Amino acid sequence: MKYWNHRMNRMTEYIPGEQPDNIEEYIKLNTNENPFAPSQTVLSAIKNAANEELRRYPSSDSRSLRMAFAEKNNLQYENVFVGNGSDEIFTLIFRGFIEPDGLASFPYPSYSLYYTMAEANGIKYDKVNLNDEFDINFEDFLVKDYDLVIIANPNNPTGKSVDVEKIQDFLMNFKGLLVVDEAYVDFFGETAINLVSSFDNIIVTRSFSKSYSLAGLRVGIAIAHKDIIRGFLKLKDSYNVDRIAEAGAIAALLDEKGFKYNIEMLKNNKEYIENILIDLGFSIVPSKANYVFVKHAKMKSKDIYEKLKRKKILVRYMEGAIQSDYLRISVGSMMEIKTLIKELYSILEA
């Protein structure tokens, strides 16, 4: 392209899950969104924030949300940063927390945006393959002197998780910066947040997009040593989180009842879809997230994806070694799941 610089010409483009213009006609199980709406308490807070004060800039550092998250998680607000989604947080990490000639490393398969953002910022990186069971072998990240390692816990797209004790053991030997992406931890997992008080080389990230049903607001959290947080505040855009998003996120944090209710419904739906998929002949990678990573013994995943899409059901198919053998299916509402199962039965029977 005429005005693209060398780096942008060379970088791999990140392709998000499909979002057709007529999305209301589809069952959308491809982007791990929460199938359940935010509570009325949260929606009311969002509506109330859309008032005459919109003429003014929002808080420059999202102080109220930082304090609310810190109180809920027994932290100091100086250990918390709020970003415009986790995407902004990862962009800032590549921009300010690794030298231009540094070397990063990420598991494979994992969230492909890590690879794209590294390339966008001119950072060299290695992909370290998961083992045959899709588990991380932390010893592989000690073979070289990596400056930055990012893992998703639970991992995306596999859904497998890592015990926090293993993360702690790794930090005892790792001299670089470790980022633990906990976008899906609220569903079944165990958080590494408490490690922040013992290690100054860990950043834990959280998202309001999944468990809090607020993907449309774009709010992400980073938890780290206060010096790292000061770095985030120095690097970020001047007003990176708007007042409506902050109001919605605070209300969601305080709405413990609504949060727990949604999580329990999703867990029940996940157990249901897993049992049915096994009956249909799918093998399932054990997942602690709001999605399942599956393949069928007798039919290619790409063929299943394409046939479902013709039925206006979207699941995630990803090209690439290993992952192209699988489909990632988000856990939807019970009605969505039953429609998916009906169509899968028809496809496999045919």
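Good morning. I begin with Pro 154, a residue in the loop between strand 5 and helix 6. The model I am presenting is a predicted one.

What kind of peptide bond joins Asn 153 and Pro 154? The bond is cis, and its omega is about 0°. For its part, Pro 109 belongs to the loop between strand 3 and helix 5.

Ser 62 is not a glycine, yet its phi is positive, at about 50°. Look for Ser 62 in the loop between helix 2 (40-49) and helix 3 (63-72). Is Ser 62 buried or exposed? Its relative accessibility is 0%, so Ser 62 counts as buried. Arg 218 likewise has a positive phi without being a glycine, with a value near 60°.

In one of them, 7 strands form an open sheet with mixed pairing, and their order is 2-8-7-6-5-3-4. Why is one side of strand 2 (80-83) and one side of strand 4 left without a neighbour in the sheet? Both strands stand at the edges, and each has a single partner strand, so there is no neighbour on the remaining side. On average, neighbouring strands of this sheet are turned by 20° against each other, if direction is ignored.

Strand 3, residues 103-108, and strand 4 run parallel and are joined by 6 bridges. Within this pairing, Leu 103 has Lys 124 of strand 4 as its bridge partner.

Helix 6, residues 164-173, lies across strand 5 (148-152), strand 6 (177-181) and strand 7 (202-207), and it runs at about 165° to strand 6. Helix 8, residues 226-235, packs on the sheet as well, touching strand 2, strand 6, strand 7 and strand 8 (220-223). The direction of helix 8 makes about 25° with that of strand 2.

Next comes the sheet in which 3 strands are arranged in the order 9-10-12; it is open, and its pairing is antiparallel. Strand 9 and strand 12 are at its edges with a single partner strand each, so one side of each has no neighbour in the sheet. Neighbouring strands here are turned by 40° against each other on average, again with direction ignored.

How do strand 9 and strand 10 connect? A hairpin of 5 residues joins strand 9 to strand 10. Strand 9 (residues 282-285) and strand 10 run antiparallel, with 4 bridges between them. Phe 282 stands opposite His 296 of strand 10, and Val 285 faces Phe 293 in strand 10. Strand 10 is also joined by 4 bridges to strand 12 (residues 327-330), and this pair runs antiparallel. Here Tyr 291 stands opposite Ser 330 in strand 12. Strand 10, residues 291-296, is mostly covered, with 5 of its 6 residues buried.

A further buried residue deserves attention. Asn 269 has its place in helix 10, which covers residues 256-279. With a relative accessibility of 7%, Asn 269 is under the 20% limit and therefore counts as buried. Setting aside residues up to four places away in sequence, Asn 269 touches Phe 36, Val 331, Gly 332, Ser 333, Met 334 and Ile 337.

Finally, I come to the largest pocket, whose volume is about 1000 Å³. It is lined by 44 residues, and those closest to its centre are Tyr 14, Ile 15, Pro 16, Tyr 111 and Arg 316. Which elements give two or more residues to this lining? They are helix 4 (85-96), helix 5 (113-120) and strand 4 (124-129). Helix 5 gives the most, with 5 residues. Sorted by class, the lining has 17 nonpolar, 15 polar and 12 charged residues.

Thank you for your attention.

Technical notes:
Residues numbered from 1 in each chain as written. Predicted model: local features only at pLDDT ≥ 70, side-chain atom pairs only at ≥ 80, totals over all residues. Heavy atoms only, no water. 1 Å grid on protein atoms, 1.4 Å probe; cavity = no way out; pocket = protein on both sides within 12 Å on 5 of 7 lines; lining within 4 Å. Points joined across faces, edges and corners; volume = space filled by probe spheres on them. Nonpolar A, V, L, I, M, F, W, Y, C, P; charged D, E, K, R; others polar. Pairing = 2+ DSSP bridges. Axes fitted to C-alpha atoms, helices over the stretch in contact; angles between N-to-C directions. Contact = heavy atoms within 4.5 Å. Buried < 20%, exposed > 50% of the residue type's maximum accessible area, 1.4 Å probe, protein only.
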